[in-house]
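These are my notebook entries on a structure that I looked through element by element. The sequence and the structure come before the entries.

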Amino acid sequence: MSDSWRSRQSIYEDQELPALQCRVYSRIALQDHDCITKGYCLEFAPGNSFDFGFCREQNVVSLLRDVLTVGNTRVLLGSADFLMLPTVPTTHWVKQVRKYNPKKVIMWLANSLELNDEYKDSIPRLKKMGMRFAIRVDAMGDIASNPEILSCIDFLMVDASRYDEFLPIIESLKRQNERLEIIGFKQENHIINFTKDEIKPFKYVLGMVENSLIEYGNTRPKWQHEMLRLQAQLYSSIYDSKDISLYMQNYPYMSKCMKGLLGSSHLTALTLKLENQLNTANLVPENSTLSSADIRDYIAISIVYNTFMLSEKLVCEQKKIPFDESHLNYEVLVQAIHFAMVVHFFASEVCDDLIAPQAFIAGLLRYTHLYLHDTYDRTFSEFPLDAVSSLYNGGGGQLGSIIRLVLDLFEHKVDEALAEASSNGINLAKEDIFNHISHAFTWTDAALRAMGILKATDGYSL
């Protein structure tokens, strides 16, 4: 009995080894021709490393156990239809199928996959359960020569810059499997990955598609100037609460958003919990309420929401198409809040009490040109945002370093992020990064639900 217990204990301890862990590094939108997010592709950090991308075979147990929990999948799925998971089809997926919904999963099979007996058995079984499969057209490995497994593939992934080069191969594979759809991707990851012209050959593209730009006359609309000025005042902490109240009365979208954020008990509890974790030396009492800095961040979100909605409305008016709130590309707001929260978490650890409260708003401002449906250069040439642009372009002290560091991480420039951290004395621990990313996903989900962008039932079915 004793030896048996030790054996089980040893197995449990082995599963907890860092090399066997799987963490979520990033979540990239899969958008369709209408610029709507239909799914999310997760990038994994296997073995607590910066070797992000695919979840290796030895990390699948952790993926199923630690990542695809009920709470995590609800947060990661949001309002999307499916999650794309880059990994390998081990028997664990078949054995643990009751813990997730295979109909909500597209498994992106690892590049140049060698089909052993385990994989050849698992793929058809998972296919019958409703799972879909994707593979890079230039890294199909044994799949191209195995008709049974090829018939299970639903999507071919192709580098958008090489689509014409691979078109003959794609057409040949479609003759063998007429259900095949094409997903385009690019090697680099930016805020906007595709123009509307670039997405035409594909069912989905990996990354966000550009929104239509506003056709400006000589001057911006008055409300844009007011929103930009308000953001600048919040960033500098020079604002009047009475003025904010007046703006709320004049802008229904701003008021609606603020009421939702303040009225969410879940968001409030989560905000206080995370602040406690970041400030363990100065615990917040149980009966505490949101701080003035928290309220300021909520106001910043309401300004961004108002700017985004009015910009969308103006574009629809100019294009003479109906304005439908249920069919907008909200991915801009999703990514902006998540980015801002990651910046906030890093700044809370590194910056002093004077600078740290600026972090969230500074992170949100990165996406201002997208809220305005304008170009980056035109937007950041505006006077109210001029002081903030240095945070992204080489200045800004500690906060500027943190923003550029997080930006590098989000764009997969790990060496640049490490160099930025080293030159500014920032300890870039992998575990901290993954925790910040995970907590930011959770907080963003709560904020989006409070704003009404995500509904109560979104994400529950996986």
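I took buried to mean under 20% relative accessible area, exposed over 50%, and partly exposed in between (1.4 Å probe, protein chains only). Helices (H or I, at least four residues) and strands (E, at least two) are DSSP runs, numbered from the N terminus. The model is a predicted one, so local features need pLDDT of at least 70 and side-chain atom pairs count only at pLDDT 80 or more, while totals for chains, interfaces and linings use all residues. Residues are numbered from 1 along each chain as its sequence is written, and side-chain values use heavy atoms, with hydrogens and water left out.

**Entry 1: strand E4**

I looked up strand E4 (residues 105-109) and found five of its five residues buried. On one side lie Val105, Met107 and Leu109, and on the other Ile106 and Trp108. I then checked its partners, where two strands pair if DSSP finds at least two bridges between them. Strand E3 (residues 82-87) pairs with E4 in the parallel sense over five bridges, and Leu85 stands opposite Met107. Strand E5 (residues 132-136) also runs parallel to E4, joined by three bridges; here Ile106 faces Arg132.

**Entry 2: Asp159**

I next examined Asp159, which is placed in strand E6 (residues 155-159). A salt bridge requires a side-chain nitrogen of Lys or Arg within 4 Å of a carboxyl oxygen of Asp or Glu. For charge, Lys and Arg count as positive and Asp and Glu as negative; His and the chain ends are not counted. Asp159 is buried yet has no salt bridge, and the nearest side chain of opposite charge, Arg162, is 5.5 Å away. I asked which side chain joins Asp159 in a polar contact of 2.8 Å. The partner is Ser161, and Gln187 makes a further polar contact with Asp159 at 3.1 Å. A polar contact is a pair of N or O atoms within 3.5 Å; within protein, one must be able to donate a hydrogen and the other to accept it, and residues adjacent in sequence count only if both atoms are side-chain atoms.

**Entry 3: salt bridges**

I searched the whole structure and noted 19 salt bridges. One of them joins Lys127 and Asp154, with the closest N and O atoms 2.6 Å apart. Lys127 lies in helix H5 and Asp154 in the loop between helix H6 (147-150) and E6, so the pair ties together parts that are 27 residues apart in sequence. Lys127 is partly exposed at 22% relative accessibility, whereas Asp154 is buried at 7%. I also recorded a salt-bridge network that links Arg74, Asp445 and Arg449.
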